[in-house]
Every structure is written in structure tokens, then in C-alpha cells.
Amino acid sequence: MVSVSRRLEPDIITYNTILLACSNTFGSRILKKEAYELAQDVFWMLVHNDNHVQLQPTSVTYCLFLKCIRKLVHDTTKKELTLHVFDLTCNAGMVNNKVLSQVQTFVPFQTVQDLPQQRSWTRHAM
């Protein structure tokens, strides 16, 4: 018989669902800040493999975190943070149309095309 705790271990869908919930947060700046902090903790845990089951982020993970940045970050670091996460997405081979759509929402297309990594990435992910 499978134990309850074994059946309830989080997978990448669990963490992506947390990112989705955070990205859909509305209300006060304080609430949005808390949602972003949670999203940031989840994202960096996945990217840096700081989890016991060694889950790997998917293109959905990157897309949802970019959406969190777009909707929840309200300062001058938004563009820099977006480009940094896009760089991570490129390096992971997870760029697809949805990721590009999130990036292009607030970073002009030419900027994305001019990235140094542009030569080495293509739309690898589905």
C-alpha cells in the first residue's frame, strides 16, 4: 500500500500552479509584493535545484514567472529582471512563443532580437 505522504509529494505541476496563482494576484501593493516573494522563492528553488526531488523547470514555469514579474513587480528592476530570466530560459532551452510573448509585453522585440544569446537559442520548447 502506498503511503499518503508519498502520494502527495509535489511535482512540477504543483509548483507551476503556485506560480499561476501568484501571477493572478490582484489588490494592494502589499498583497502583490507577498505574492511576488512567494513566486520568487518557488522559481529560484526550481532553477537552482534546491528541492529534494530535483524537479526541473519547464517552459510553463519560465512563462508563469515572467508573468509574475510583469504583473507584480512595480519598480525599475522589472526590465533587468525580465532579461535575466529570459537569459535563464534561453540557457535552459525553454524558449517558446508563450515565453516570447511574456517578454515582448514590456521589452521591445528588437531588444529581444539583439540579445547576445539570440544566436544560440531558438524556440526549443513546445
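Student: Leaving aside neighbours within four places in sequence, what is lysine 71 in contact with?
Tutor: With those neighbours set aside, lysine 71 is in contact with Ser23, Asn24 and Lys32, where contact means heavy atoms within 4.5 Å. Please keep in mind that this is a predicted model, in which local features need pLDDT of at least 70 and side-chain atom pairs count only at pLDDT 80 or more, while totals for chains, interfaces and linings use all residues. Residues are numbered from 1 along each chain as its sequence is written, and side-chain values use heavy atoms, with hydrogens and water left out.

Student: Where does lysine 71 lie, and how accessible is lysine 71?
Tutor: Lysine 71 lies in helix H4, helices being DSSP runs of H or I with at least four residues, and strands runs of E with at least two, numbered from the N terminus. Its relative accessibility is 29%, so lysine 71 counts as partly exposed; buried means under 20% relative accessible area, exposed means over 50%, and partly exposed lies in between, with a 1.4 Å probe and protein chains only. Lysine 71 is also 8.8 Å from phenylalanine 26, C-alpha to C-alpha, although the two are 45 residues apart in sequence.

Student: And arginine 70, what does that one touch outside its sequence neighbours?
Tutor: Apart from residues within four places in sequence, arginine 70 is in contact with Lys78, Gln102, Thr105 and Phe106. Arginine 70 is likewise found in helix H4 and is partly exposed, with a relative accessible area of 25%. Between arginine 70 and glutamine 102 there are 7.7 Å in space, C-alpha to C-alpha, and 32 residues in sequence.

Student: Let me step back: how many helices and strands does the protein have?
Tutor: The protein has seven helices and zero strands. Of its 126 residues, 40% are buried, and residues 24 or more positions apart account for 68% of the contacts with a separation of 6 or more.

Student: Back to H4, then: at what angle do H4 and H5 pack?
Tutor: H4 and H5 pack at about 175°, with their axes 10 Å apart; the axes are lines fitted to C-alpha atoms, for helices over the stretch in contact, and angles run from 0 to 180 degrees between N-to-C directions. H4 and H5 are therefore roughly antiparallel to each other, a term for angles over 145 degrees, whereas those under 35 count as roughly parallel, 65 to 115 as roughly perpendicular and the rest as oblique.

Student: Which residues meet there?
Tutor: From H4 there are Tyr62, Phe65, Leu66, Ile69 and Arg70, and these meet Lys78, Leu81, Thr82, Val85, Leu88, Thr89 and Ala92 of H5. By class, this contact has eight nonpolar, two polar and two charged residues, with Ala, Val, Leu, Ile, Met, Phe, Trp, Tyr, Cys and Pro counted as nonpolar, Asp, Glu, Lys and Arg as charged, and the others, Gly among them, as polar.

Student: What about H2 and H3, how far apart are their axes?
Tutor: The axes of H2 and H3 are 9 Å apart, at an angle of about 155°, and these two helices are therefore roughly antiparallel as well. In H2, Ile12, Tyr15, Ile18, Leu19 and Cys22 meet Ala35, Leu38, Ala39, Val42, Met45 and Leu46 in H3. The contact of H2 with H3 divides into eleven nonpolar, no polar and no charged residues.

Student: Is valine 42 buried or exposed?
Tutor: Valine 42 is buried, with a relative accessible area of 8%, and it touches Tyr15, Ile18 and Leu19 when residues up to four places away are not counted.

Student: Last topic: how many residues are in the largest nonpolar core?
Tutor: That core has 32 residues, and those with the most contacts inside it are Phe65, Ile69 and Val85; a nonpolar core is a set of buried Ala, Val, Leu, Ile, Met, Phe, Trp, Tyr and Cys residues joined through side-chain atoms within 4.5 Å. Helices H2 (12-23), H3 (29-47), H4 (59-72), H5 and H6 each supply at least two residues of this core. Leaving aside neighbours within four places in sequence, phenylalanine 65 is in contact with Leu19, Tyr36, Ala39, Gln40, Phe43, Trp44 and Val85.
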